[in-house]
Amino acid sequence: MSNESFPLKLEGGDVPMVRFDRVTKQYGDLTVLDSLDLDVKANEMVAIIGPSGSGKTTVLRMLMGLELIDEGVIYVDGQPMTHMEKNGRLVRAGQKYLRRMRSSIGMVFQQFNLFPHMTALQNCMEAPVQVLGLSRKEARERSLELLKLVGLDDKMDQYPARLSGGQQQRVAIARALAMRPKIMLFDEVTSALDPEIVGEVTQVIRKLHDEHSLTMLMVTHQMGFARDISDRVCFFYEGKIAEQGSPEQLFDNPRNERTAMFLSAVLEAD
Amino acid sequence: MSYLEFLYKYAPSFLNGAVVTLEQTALGTLLAVIVALIMGFMKMSSFIPVRWVGIVYIEIFRGTSLLVQMYWIFFVLPLFGITLGKFEAGFLAVGLNLGAYGAELVRGGVQSVPRSQYEAATALGMHPFTRMRRVIFPQALLNMLPPWGNLLIELLKATALVALISVADLMFVSKQINMSTFLSAQAFGTALIIYYIIARGIITPGMRGLECKLAKKLSIG
Ligand SMILES: Nc1ncnc2c1ncn2[C@@H]1O[C@H](COP(=O)(O)OP(=O)(O)O)[C@@H](O)[C@H]1O
Ligand SMILES: [Mg+2]
């Protein structure tokens, strides 16, 4: 890849917390992300909406470093994440570098993905102890505080199998927060939940947004919630951002025909 | 001679044989577990030369006869200057052979843990080694214990072959008793019963117990 046109790091007045710079991701012949540009400011809450298969999950997975991108560069807090500097050039990030860059990002998955052989508390403590090297005591205090934040301190000794979906998802949020990330990624975190318990999870996300300085990217099908909470909404279509804007603008006056069609289909279904 | 008299007379010999069989089984198991872990992980390695060592090992030891492998270890290796006692050659052959089958169980167990568990651990910044040790392997272990129970019974049965290089195990003792008494049914019948008791009275409940203990410790199931 010719990296000449990608800066080694982002400098200047307002460096974005996240920047996708012409990022392309392909699976075989399928181009899932097509030269995507996306900036997210520090402490911004960006909602990502769009039809199934449009590349929403892929955006988060690339940012989390779960898969390699094919072209372009992702920057986190001004530093390249998918690449690193070597002799004045950008080369593909090594595993160690990638692990360090990942530490500023937390991710919450649609299917919770808690570790089934650990209690809620152990789930939260595991990475702080094993990755950050915290003492068990410190990790425990930190985890308890976060379980309290998500309203589950009374369930700390329960194993995931004994928790409801909503409770599991809240533990997953606490687990991600225990690493003290600057950026939180939410991938349809309420889609696997029964409608009546969706609220207990969205409430936690709202609290995080209101009371903590976190940059958040949230893929969601809940248009009401997206509108309510986000600073900006991005509508994905076929691996590109077809339209983005403030929630009011995008939901009330979509400029792109695709956006309008998608919104009317989704709102009708509700 | 009634069967009771037969038993009374030969019980000590059978017992000695059974002890040797248990020793062969225990040492063979220990070796098989070690080999299975090493070869199983090698076969899963993303580093191709390492992966090939695993593949070739498993192919050779599963694709050829245990008896021939044992003869190689006992009769052929000395030609290359490696001389082993018959007892050592016996459990070595059994362990190396059954370890190749165990390697596939290790691989199967690890691969049965969903990808999402890897991703969750990766997203938390875990080093691949930590991820395996703390997240993937404990879950894999629980998945692979039931097939390991079967494998260990196969291993027990396979130890009967060590009689062919004159290790004085249960099989060897039964043959000797048969030769000196010509009471084949009693001699080999008793051997059958003792093998069965070891399998169903020791190995199966032992593995069940281990499974329960682990399941409780990991609190799944
Ligand atoms: N590992 C993969 N291998 C092949 N195709 C994939 C893989 N992951 C995702 N895709 C494809 O990429 C496209 C975008 O997927 P995704 O980002 O999950 O969409 P969304 O989250 O918007 O529904 C889909 O067509 C999907 O089938
Ligand atoms: Mg998705």
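Me: Which elements do the buried residues of α5(B) pack against?

Reply: The model is predicted, local features need pLDDT of at least 70, side-chain atom pairs count only at pLDDT 80 or more, and totals for chains, interfaces and linings use all residues. Residues are numbered from 1 along each chain as its sequence is written, chains are lettered from A and ligands numbered from 1 in the order in which they are written, and side-chain values use heavy atoms, with hydrogens and water left out. Start with two terms. Helices (H or I, at least four residues) and strands (E, at least two) are DSSP runs, numbered from the N terminus. Contact means heavy atoms within 4.5 Å. Now the case: the buried residues of α5(B) pack against α1 (56-63), α2 (95-102), β8 and α5 (165-177) of chain A, together with α4 (86-111) and α6 (128-158) of chain B.

Me: How many of the nine residues of helix α5 of chain B are buried?

Reply: Buried means under 20% relative accessible area, exposed over 50%, partly exposed in between (1.4 Å probe, protein chains only). Helix α5 of chain B spans residues 115-123, and seven of its nine residues are buried. They are B:Q117, B:Y118, B:E119, B:A120, B:A121, B:T122 and B:A123. After α5(B) comes B:G125, with a positive phi near 85°.

Me: What about a strand? Which residues of β9(A) are on each side?

Reply: In a regular strand the side chains alternate between the two faces of the sheet. In β9(A), A:I183, A:L185 and A:D187 are on one side, and A:M184 and A:F186 are on the other. Both faces are covered. Strand β9 of chain A covers residues 183-187, and five of its five residues are buried.

Me: Which residue is the bridge partner of A:M107 in β9(A)?

Reply: Two strands pair if DSSP finds at least two bridges between them. Strand β8 (residues 105-108) of chain A pairs with β9(A) in the parallel sense, over four bridges. The partner of A:M107 is A:L185. Strand β10 (residues 215-219) of chain A also runs parallel to β9(A), and five bridges join them. There A:L185 stands opposite A:L217.

Me: Through which helix does the chain cross from β9(A) to β10(A)?

Reply: A crossover is right-handed if, with the strands pointing away from the viewer, the path from the first strand over the helix to the second runs clockwise. Here the chain passes through helix α6 (residues 195-211) of chain A, and this β-α-β crossover is right-handed.

Me: Where is A:E188, with its positive phi near 45°?

Reply: A:E188 is a residue other than glycine. Its place is the loop between β9 and α6 of chain A. A:E188 is buried, with a relative accessible area of 12%. A:R22, also not a glycine, has a positive phi of about 50°. A:R22 lies in strand β1 (residues 18-27) of chain A. A:R22 is partly exposed, at 31%.

Me: Which residues surround ligand 1?

Reply: A residue is near a molecule if one of its heavy atoms lies within 4 Å of it. The residues around ligand 1 include A:Y27, A:L30, A:V32, A:P51 and A:K56. The largest share of the shell, three residues, comes from α1(A).

Me: What is the distance from an oxygen atom of ligand 1 to the side chain of A:T58?

Reply: An N or O atom in the side chain of A:T58 is 2.5 Å from an oxygen atom of ligand 1. A backbone N or O atom of A:G53 lies 2.7 Å from an oxygen atom of the ligand.

Definitions and conventions: Polar contact = N/O pair within 3.5 Å; in protein donor to acceptor, adjacent residues only side chain to side chain.
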